[in-house]
Amino acid sequence: MNVRRLIITVVIVLLLGTLFTAGFHSLAAAQNKSKATGNKKRVSELPPEMVGERASELLLSINDSIASVKSYEREMAGASAEDRLVLQLQIYQMRIRIIDDIHQLADALLELEKAGPEPELRGQVEDVFARVTPRLWFHIDRFRGEINKIRARRIEAKVEERFAIENEVANFTRRLDTFYEISLAHITKMEQVGMDVKEARENFILQLYDRADELSGRLELALVRIDELETQLKETPDDTNVFKLLLSVKKSLDTNSDGMDVIIGLMETLELDTAVYRAQLLTATRDISSGLLGTGVAINLLGTTLKKAAGWLVDSGPSYLLKLLLFVGIIFVFRFLKRVVRRGLEKAIDASDLDLSQLARRMIISTVSNLVMLFGILVALSQLGISLGPLLAGLGVAGFIIGFALQDTLGNFAAGMMILLYRPYDMGDLIDVGDVFGKVDKMSLVSTSLLTLDNQLFVVPNSKIWGDVIKNVTAQETRRVDMVFGISYSDDIPKAESILEDILQSHDKVLDMPEPMVRLHTLGASSVDFVVRPWVKVDDYWDVYWDVTRTVKLRFDEEGVSIPFPQRDVHVYNQNLLAGEAT
């Protein structure tokens, strides 16, 4: 019996030893596996003497933050609904801090590598970047899933609960948008470190387009629902449920518009086409309020515009500056050539035997010099890369439209061309046209400016001048002065003729040829009238007229020749006297 008990005791001890050993190995393996798993999710902490104080602190901070996230996640299991919300916010903020520390770690690496290679730290940085990238995609998908779950609650929610649900959606959407922005910053930082980001960039672009398409559909749906609810509210303005639903839908539109604004900004940073999404966003925000348009879209558009302008200045500014300088230089050169051509034409016309009017002279000089300048402008525009073919075609169309609108002006222009060709008058001529008598002061193809003898300026359209009688007083070199002088019937006619002929012959401005003429012209009611017609130079017309008139009066007085004036005999009869004589 004792032997049997001993054998049984030994067997039991051996079995228990085997079980404990297996259990110990299993526990050790589990601990090692747990440790290995824990180490995989952490970063290796490197001492300051190896990577510097800043990098070492960042590695330690990253590990502490990871440990804090795990602690919060464990607390989530038994937390209340309100505590879970607080823990979710803490986890979200801690993950943002981790990403920020990782990006600062990359900056520290780049700063250290200025002095020499840092293989240990670079390996650590590249490893943590590679591990974080898929986690970003995971969190983006998780946030979108959470948002969809919250939206699903709207189906069975009461009307008064809808707005609170939309606020919750807005909070998670802002977190989601932050992770989209962090993802782009993460890819950019990876590229700065020197890592291959092609796959990550392509994946992120696909996520942006997917998010933009989702938001596009939600914006269209929200706009349709707003229209329907506003129509219902007009029909039943006292329905509070419709009003509450309208507020919640507008809140949803506000949230989706903000999200679209963020996505469009990221897409534009990546130089993706956002024209359709931008137009839809502007339409949506215009229907909400001017405040959103002013603070959201407008600021983003302004920021994008400024960024693009800055990028354009950096990339294309120098080349365009050179083109602009070349443009200005060509303009100045052709302005100089225009002046040279103008002066050359003036001298050539003055030296030639061409009998040109002042208008024709000015028109030729102006046209040729302006053509030189126009050619220079076209050459300068071509240096800026502007295609001259469409520009000239556009000018032709514009000219046709302008010509059609300015028919009267074109009529004046055509009349000006006829005046230019036929030259009925020129600058300085004394003319009588359009009921205006004066000296030609200025001429153009549209109008003629006349300065009257009493110094009044009249601008007469050329069409009115060409369509009427043109009287050019100074067109010839000589002009006849027509005067009439009367003497009394009792005066000596030969004596008067002799006096008048003597006055004309003694005046130095009266021309010998054609011969001056003195003739007895008419026998008037009160006088015998002589016509006196001397020929003079055009410029001497009024001097001769006034001198001869004055001299005739003085000589007639000296020689006893009277100049009669009309006389009438008035007879007054006394009616009473006539009546008495009749009696």
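Guide: What follows covers salt bridges, a charged patch, aromatic pairs and some backbone details. This is a predicted model, in which local features need pLDDT of at least 70 and side-chain atom pairs count only at pLDDT 80 or more, while totals for chains, interfaces and linings use all residues. Residues are numbered from 1 along each chain as its sequence is written, and side-chain values use heavy atoms, with hydrogens and water left out.

Visitor: How many salt bridges are there by the rule used?
Guide: The count comes to 21 salt bridges, where a salt bridge is a side-chain nitrogen of Lys or Arg within 4 Å of a carboxyl oxygen of Asp or Glu. Side chains of opposite charge can pair when their charged atoms come close.

Visitor: Which residue does arginine 144 pair with?
Guide: Arginine 144 forms a salt bridge with glutamate 214, and their closest N and O atoms are 2.6 Å apart. Arginine 144 sits in helix H5 (residues 119-152) and glutamate 214 in helix H7 (residues 198-235), so this pair ties together parts that are 70 residues apart in sequence. Helices (H or I, at least four residues) and strands (E, at least two) are DSSP runs, numbered from the N terminus.

Visitor: Are arginine 144 and glutamate 214 buried or exposed?
Guide: Both arginine 144 and glutamate 214 are buried. Buried means under 20% relative accessible area, exposed over 50%, and partly exposed in between (1.4 Å probe, protein chains only).

Visitor: Which residues are linked with Arg144 in a network of salt bridges?
Guide: The network of salt bridges links Arg144, Arg151, Asp210, Arg211, Glu214 and Arg218.

Visitor: And what does arginine 153 meet in a salt bridge?
Guide: The side chain of arginine 153 meets that of glutamate 168 in a salt bridge, at 2.9 Å from N to O. Arginine 153 is in the loop between H5 and helix H6 (159-193), and glutamate 168 is in helix H6, so the pair ties together parts that are 15 residues apart in sequence. Arginine 153 is partly exposed at 41% relative accessibility, and glutamate 168 is partly exposed at 23%.

Visitor: Which residue forms a salt bridge with lysine 250?
Guide: Lysine 250 pairs with glutamate 230, the closest N and O atoms being 3.8 Å apart. Because lysine 250 lies in helix H8 (residues 240-269) and glutamate 230 in helix H7, the pair ties together parts that are 20 residues apart in sequence. Lysine 250 has a relative accessible area of 28% and is partly exposed; glutamate 230, at 30%, is partly exposed.

Visitor: Changing topic: which residues gather in a patch of positive charge on the surface?
Guide: Arg335, Arg339, Arg343 and Lys347 form that patch. Patches are made of residues with over 30% relative accessible area and no salt bridge, with like charges joined within 9 Å. Arginine 339 is in helix H11 (residues 317-351) and is partly exposed, with a relative accessible area of 48%.

Visitor: On to the rings. How many aromatic pairs are there?
Guide: The count comes to nine aromatic pairs. Rings of Phe, Tyr and Trp (its six-membered ring) pair if their centres lie within 6.5 Å; planes under 30 degrees apart count as stacked, over 60 as edge-to-face and the rest as tilted. Tyrosine 92 and phenylalanine 143 form an edge-to-face pair, 6.2 Å centre to centre with 85 degrees between the planes.

Visitor: Where do tyrosine 92 and phenylalanine 143 lie?
Guide: Tyrosine 92 lies in helix H4 (residues 81-112) and phenylalanine 143 in helix H5, so the pair ties together parts that are 51 residues apart in sequence. Tyrosine 92 is buried at 13% relative accessible area, and phenylalanine 143 is buried at 3%. Tyr92, Phe143, Phe172 and Phe179 form one aromatic cluster.

Visitor: Finally, the backbone. Which residues does a cis peptide bond join?
Guide: A cis peptide bond joins methionine 513 and proline 514, with omega about -10 degrees. Proline 514 is in the loop between helix H16 (493-506) and strand S8 (517-523).

Visitor: What is phi of glutamate 271 near?
Guide: Phi of glutamate 271 is near 60 degrees, a positive value in a residue other than glycine. Glutamate 271 is in the loop between H8 and helix H9 (275-288) and is exposed at 72% relative accessibility.

Key: Patches are made of residues with over 30% relative accessible area and no salt bridge: like charges are joined within 9 Å, nonpolar side chains (Val, Leu, Ile, Met, Phe, Trp, Tyr) within 5 Å. Accessible areas come from the Shrake-Rupley method with a 1.4 Å probe; for residues, only the protein chains shown count as cover. Lys and Arg count as positive and Asp and Glu as negative; His and the chain ends are not counted. The place of a charge is taken as NZ of Lys, CZ of Arg, CG of Asp or CD of Glu.
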